[in-house]
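I opened this model to look up its pockets and the contact between its chains. My entries follow.

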Number of protein chains: 2
Amino acid sequence: MTRSVSLICARTCYASPVSQASLSRRNALIRRRNQCRFSVYASKDSSGPKVAIAGVTGAVGQEFLRVLTERNFPYSRMKMLASARSAGKEVEFDGEMYKIEELKEDSFDDIDIALFSAGGSISKKFGPIAAKKGCFVVDNSSAFRLTEGVPLIIPEVNALSMAEYKLGKMHGGIISNPNCSTIIALVAVTPIHRAVGIKRMVASTYQAASGAGALAMAELEQQTRDVLNGDPVTMKIFNLQYAFNLFSHNAPMTDNGYNEEEMKMVNETKKIWSTEDVDIAATCIRVPVMRAHAESINLTLCSDLDEKDAKEILRSSAGIKIIDDRANNCFPTPLDASNRDEIYVGRIRQDISQPGRTGLELFVCGDQIKKGAALNAVQIAELLL
Amino acid sequence: MTRSVSLICARTCYASPVSQASLSRRNALIRRRNQCRFSVYASKDSSGPKVAIAGVTGAVGQEFLRVLTERNFPYSRMKMLASARSAGKEVEFDGEMYKIEELKEDSFDDIDIALFSAGGSISKKFGPIAAKKGCFVVDNSSAFRLTEGVPLIIPEVNALSMAEYKLGKMHGGIISNPNCSTIIALVAVTPIHRAVGIKRMVASTYQAASGAGALAMAELEQQTRDVLNGDPVTMKIFNLQYAFNLFSHNAPMTDNGYNEEEMKMVNETKKIWSTEDVDIAATCIRVPVMRAHAESINLTLCSDLDEKDAKEILRSSAGIKIIDDRANNCFPTPLDASNRDEIYVGRIRQDISQPGRTGLELFVCGDQIKKGAALNAVQIAELLL
């Protein structure tokens with residue numbers, strides 16, 4: 001059964017249109033997006049899987065619902081799970097109201113696919129329980145990303161690594177969603193890696209507030225209002241002023257002087273590419289942007305690749321949109337990528353600090369909540385069908 | 001003659017305190033800075049040089065006046081110069097009101113030192129005229145930076161390159177102030193270069209609005225208000241939304257796919273270090289921050305250097321303040337560096353993507369208007385005395 005529904009877009013003040021040379025096209029797109037009530041067909045169908053959302057009240061949880069609807073994800077039953085604090089509240093999905101249930105051990109007794117985004121400790125506790133009961137857990141936390149035997153999947157990159165994970169063929173299991181910065185970088189650079197091999201990658205990130213959740217986004221907004229009003233700023237999520245400022249990612253520091261966010265990019269890339277033979281360094285910085293990350297990426301290649309060929313390789317690769325108009329100085333921005341499925345890639349150029357054609361630089365942007373989290377997880381769930 | 005004056009600090013809403021682990025210390029510093037009316041001694045003295053400011057109404061022009069006062073710069077006469085549009089307006093300096101004069105060919109007839117920040121075309125036209133008349137021009141534009149015979153100076157780095165430039169010893173000349181991003185990077189990395197040699201530098205910048213002038217800062221502020229109010233944003237300085245967004249630097253693109261801002265870092269560094277034997281690549285990005293730039297810098301060294309030794313080298317170097325507290329996740333931010341003289345350096349760590357101790361990563365912040373422009377120029381002027 002399909003049904004026409006009306007979805008109200010997330011607030012559009014932080015989302016601007018696809019970047020194009022012409023300002024008027026940008027503005028027309030902004031207007032269109034601001035009007036964006038649109039109709040989609042959801043697919044509640046008795047033959048579809050029974051789906052649960054664990055952590056439905058969070059920023060990613062809410063995005064799960066939008067993405068499932070957008071992508072017409074088939075389901076026969078939907079269960080909304082969150083902490084006891086949210087139990088009893090209601091949430092709308094696909095034109096129906098659902099009562100939120102407390103996440104418990106028996107929550108997954110009759111569930112085929114569970115999308116988890118309720119934090120690492122919830123995943124650690126309930127993920128294995130759900131999987132043991134025959135449920136496929138797509139986990140957005142870092143809990144199992146580096147666990148041997150747990151696939152770590154970006155569908156455009158390594159879908160084959162979960163080839164045997166299929167509803168009806170396997171009795172449940174856990175599949176991990178990589179960290180947002182890893183997903184955004186690897187959608188962009190894996191086609192280059194496949195073509196000529198990447199020997200070394202140096203990334204500097206420009207990470208949006210959404211990576212720290214809905215409360216961090218609200219804090220950035222409130223602090224910005226306070227600064228503009230000349231009022232003192234309140235710091236709850238971060239211990240630094242975020243408005244009109246930026247700072248080194250607040251993830252815990254590891255012994256080597258890199259923080260855990262940076263080491264995720266290092267270790268997850270090696271697992272996803274199934275190789276130890278790549279050197280990676282990252283500097284992760286939070287910037288006062290709402291929901292899309294940017295990354296400046298410098299690559300050392302295993303063999304020569306001309307920048308024009310690199311651009312063509314990327315143009316024909318899945319999940320990528322190229323904005324690389326040198327004549328008009330038009331390149332990806334976080335607002336271009338906000339609320340979009342694709343990773344936006346630009347500033348594709350031969351690195352002048354490396355000999356010949358052995359180096360390449362890129363600037364990429366991707367929606368942190370969407371492709372960096374919810375969309376990638378739903379794409380993984382689609383691979384289970 | 002010295003005189004006590006009262007200086008009102010620039011709006012402090014965009015300037016936060018030196019980063020320390022404790023939030024209360026930060027807050028105390030914010031309070032102190034918000035109260036910051038302080039007394040300095042300026043030194044109008046008949047034996048001092050006759051000084052002119054060309055472009056006094058701009059963001060850097062105004063900062064020249066603050067820095068000259070802060071540093072007790074000696075002068076016997078002060079001349080305020082700007083375009084015909086501003087002529088006749090008044091500006092306060094060191095407790096006196098000055099009428100702004102139109103910048104003309106004869107403006108420098110009786111001037112010893114002229115600080116220029118009125119754009120490249122004004123520098124190109126009037127710089128050589130002033131120098132020919134025996135005036136020392138300290139030029140903040142890019143007009144002469146790469147001109148052979150014109151010193152390009154960061155006092156902490158290469159003061160000796162202008163050793164013969166002295167009032168009374170030489171009959172005028174032009175000295176160039178490097179680009180802000182170059183100054184901020186090189187104050188931080190030159191001590192490392194001196195110690196072990198830098199073979200390659202890869203930088204990604206996080207550049208503040210001030211680099212595009214006072215109108216760009218105002219545009220960022222206004223756009224931010226508009227976004228928060230749900231109003232459409234107006235784009236005058238940039239053709240992109242700047243509020244809650246970031247974008248590739250709008251400097252014209254060069255043939256190699258790097259923009260002019262990026263190539264400044266490449267070419268100026270080679271001139272300042274007097275070597276072609278260093279490979280440099282930069283990605284310059286504008287972020288919604290008001291007046292201090294940040295840079296993520298990755299270095300390939302000519303020989304091994306331990307991160308601890310690097311930290312000690314930097315700690316004892318001029319113009320640097322280290323904030324590098326891994327235990328408390330406390331590192332430099334643009335707000336720490338705002339209105340400060342020093343370049344703030346942190347995240348000093350051995351690069352895990354390079355073998356042994358041959359790679360180093362840093363994260364640096366510096367005030368774009370102050371050390372990136374006005375302060376560096378005034379320091380150059382001090383070398384003339």
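**Pockets and chain contact**

I began with α7(A), which gives the largest share of the lining of the second largest pocket, 6 residues. Helices here are DSSP runs (H or I, at least four residues), numbered from the N terminus. A pocket, on a 1 Å grid over the protein atoms alone, is an open set of points where a 1.4 Å probe fits, with protein on both sides within 12 Å along at least five of seven lines; lining residues have an atom within 4 Å of a point.

I noted the ground rules: this is a predicted model, local features need pLDDT of at least 70, side-chain atom pairs count only at pLDDT 80 or more, and totals for chains, interfaces and linings use all residues. Residues are numbered from 1 along each chain as written, chains are lettered from A and ligands numbered from 1 in written order, and side-chain values use heavy atoms, without hydrogens and water.

**Second largest pocket**

I read a volume of about 910 Å³, the space filled by probe spheres set on the points, which are joined across faces, edges and corners. The lining has 39 residues, and A:Asn140, A:Arg145, A:Asn179, A:Gly211 and A:Lys264 lie nearest the centre. I counted 14 nonpolar, 19 polar and 6 charged residues in this lining; Gly counts as polar, and Asp, Glu, Lys and Arg as charged. Domain 1 (2-9 + 35-178 + 373-384) and domain 2 (181-369) of chain A each give at least three lining residues. The domain bounds come from an automatic or database assignment.

**Largest pocket**

Where does the largest pocket lie? Both domain 1 (2-178 + 373-383) and domain 2 (181-369) of chain B give residues to its lining, so the pocket lies between them. Its volume is about 1200 Å³. I found 44 lining residues, with B:Ser117, B:Gly119, B:Gly211, B:Ala212 and B:Gly213 nearest the centre. The lining splits into 17 nonpolar, 20 polar and 7 charged residues.

**Chain A against chain B**

I superposed chain A on chain B: the rotation is 180°, the shift along its axis 0.0 Å and the RMSD 0.0 Å. That is the relation of a two-fold axis.

The contact (heavy atoms within 4.5 Å) takes 71 residues from chain A and 72 residues from chain B. The copies meet through the same surface, because 100% of the interface residues of chain A are also interface residues in chain B.

I read a buried area of about 5700 Å², 57% of it from carbon and sulfur atoms. Buried area is the accessible area (1.4 Å probe) that two parts lose on being put together, summed over both.

Terms used
Helices (H or I, at least four residues) and strands (E, at least two) are DSSP runs, numbered from the N terminus. Copies are superposed by least squares on the C-alpha atoms of residues with pLDDT of at least 70 in both.
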